[in-house]
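Colleague: I'd like to learn how to read a model of a complex. Could you walk me through one?

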Protein chains: 2
Amino acid sequence: MSDARREGLTVLKLGGSVITDKDQPYTVATEQLEQVSETVATHSAGQLVIVHGGGSFGHAAAAAHGVSTTEGTTDAGAITEIHRSMGELNRAVVNCLQDAGMPALPVRPLSMAHRTGTGLSLARLAVDSMLLEGFVPVLHGDVLMHEGTGSTIISGDELVVELATLLDATRVGLCSTVPGVLDDDGVVIEEIATYDAVADVLGESESTDVTGGMAAKVSELLSLSTPAAIFDPAALAEFLDSGEAGTMIR
Amino acid sequence: MSDARREGLTVLKLGGSVITDKDQPYTVATEQLEQVSETVATHSAGQLVIVHGGGSFGHAAAAAHGVSTTEGTTDAGAITEIHRSMGELNRAVVNCLQDAGMPALPVRPLSMAHRTGTGLSLARLAVDSMLLEGFVPVLHGDVLMHEGTGSTIISGDELVVELATLLDATRVGLCSTVPGVLDDDGVVIEEIATYDAVADVLGESESTDVTGGMAAKVSELLSLSTPAAIFDPAALAEFLDSGEAGTMIR
């Protein structure tokens, strides 16, 4: 590789709204997922970790059981149902990436993460080993053990931030359905450095999203030392090639 | 609980031959699995971790791809196929345990284990949290990352030994289809203290078993500081009540 920026580790989030039909429960957006997978296979270089959101899978299941990132459940049946709904979506994502030629493997947060009073912890052992052996770990928003409350939700965005920090990522990208964070005139804001500067324009996501929408994304990405990009599928190749696309948060 | 031996942590292995029809690919032994689940729900006390074998699920998939505990593969498709076959069986086991009233949750070794030149490592974080929150983690023989060779198989027996050591289990039990280790006359050997003493009578498992059979079980259990029992489903209640059944290995 001639471009130094193409080395190192990229953490790429595929938004639930990109890979599922958010208005149809448990429905994969097959064509879009295939296109995104092709783009990833063609343009990615260096090590890659993929995280995907829940879209119409996990969010629907979590909402049905009243579980969120803060509201927990101790019902093993509910936990399993939410986890399996995300497993089904993860299976589709892994399949599509493999069909496009990527050595993608599933990693299930319920098996390697927990949340305590002091925050989120991930057991990185399997992800590290997969990267070392040349695979692409594919994680997803999930249920996880939460000290004292049974189980809560871990969002894909939280996973991205935690993995980027833990693995010392050189690039972080969130591929969403919008081309970036938009100002009041619908124009992409090129760069965000503080939350206050954009607090006014950050609204709520329209579909059911138990994990927060754009405001939560920006807030979490601002906590990273690595610059992060928010962009749409049309800019995915640009992000993978250059590390920059849509709105840059630094 | 009046019996001190009923406290502490039990690691219980449900043999693949107990919960599947080993001669019919990808077939759960539904009635036997239900009976075993009811017995576990009725007789278990204290903390419990369950590990199950592959039976006609994982062994068939692993054999089809030529993967074993020592022969690896770097084919993401093969790894995923073996992993999913075990996920399907794990789903049936978790369902049955939940139906019997146990707060069972799946834990996938591919997401939390790896093997290097110096041995096997498990990231215990999720298992610990599940136990702390009152759940019953249910692990299974699986594929795992193996340094330098992509991925190999981790047997349920290996997991039992590793978990028992890691979690400082007070009781270890392997529920198999035989009532214990049998001598040449078909009588259960009550106690085994060294491998040499029983080397002659330990034959090979008849069905496809990529992870070794009885000889490997005994050899691995002898490495434990905790006494371990090998027994059949008829003695499961006895094991859960007293910590002793079938052949005791110490």
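This is a predicted model: local features need pLDDT of at least 70, side-chain atom pairs count only at pLDDT 80 or more; totals for chains, interfaces and linings use all residues.

Modeller: Gladly! Chain B can be superposed on chain A with an RMSD of 0.0 Å, using a turn of 180 degrees and a shift of 0.0 Å along the axis.

Colleague: What ipTM does the predictor give the complex?

Modeller: The ipTM is 0.93, and the pTM is 0.94. For chain A, the average pLDDT is 91, with 93% of the residues scoring at least 70. Do look at residues 1-6 of chain A, though: pLDDT stays under 50 there, and the model has 13 contacts beyond four places in sequence for that stretch.

Colleague: Now the helices. At what angle do α3 and α4 of chain A cross?

Modeller: The axes of α3 (residues 55-64) and α4 (residues 76-99) of chain A cross at roughly 170 degrees and come within 8 Å. Angles over 145 degrees count as roughly antiparallel, so α3(A) is roughly antiparallel to α4(A).

Colleague: Which residues make the contact?

Modeller: From α3(A) come Phe57(A), Gly58(A), Ala61(A) and Ala62(A), while α4(A) contributes Ile82(A), Ser85(A), Met86(A), Glu88(A) and Leu89(A). Sorted by class, this contact between α3(A) and α4(A) has 6 nonpolar, 2 polar and 1 charged residues.

Methods:
Residues are numbered from 1 along each chain as its sequence is written. Chains are lettered from A and ligands numbered from 1 in the order in which they are written. Side-chain values use heavy atoms; hydrogens and water are left out. Axes are lines fitted to C-alpha atoms, for helices over the stretch in contact, and angles run from 0 to 180 degrees between N-to-C directions. Helices (H or I, at least four residues) and strands (E, at least two) are DSSP runs, numbered from the N terminus. Angles under 35 degrees count as roughly parallel, over 145 as roughly antiparallel, 65 to 115 as roughly perpendicular and the rest as oblique. Contact means heavy atoms within 4.5 Å. Ala, Val, Leu, Ile, Met, Phe, Trp, Tyr, Cys and Pro count as nonpolar, Asp, Glu, Lys and Arg as charged, and the others, Gly among them, as polar. Copies are superposed by least squares on the C-alpha atoms of residues with pLDDT of at least 70 in both. pLDDT is the predictor's confidence in each residue, from 0 to 100.
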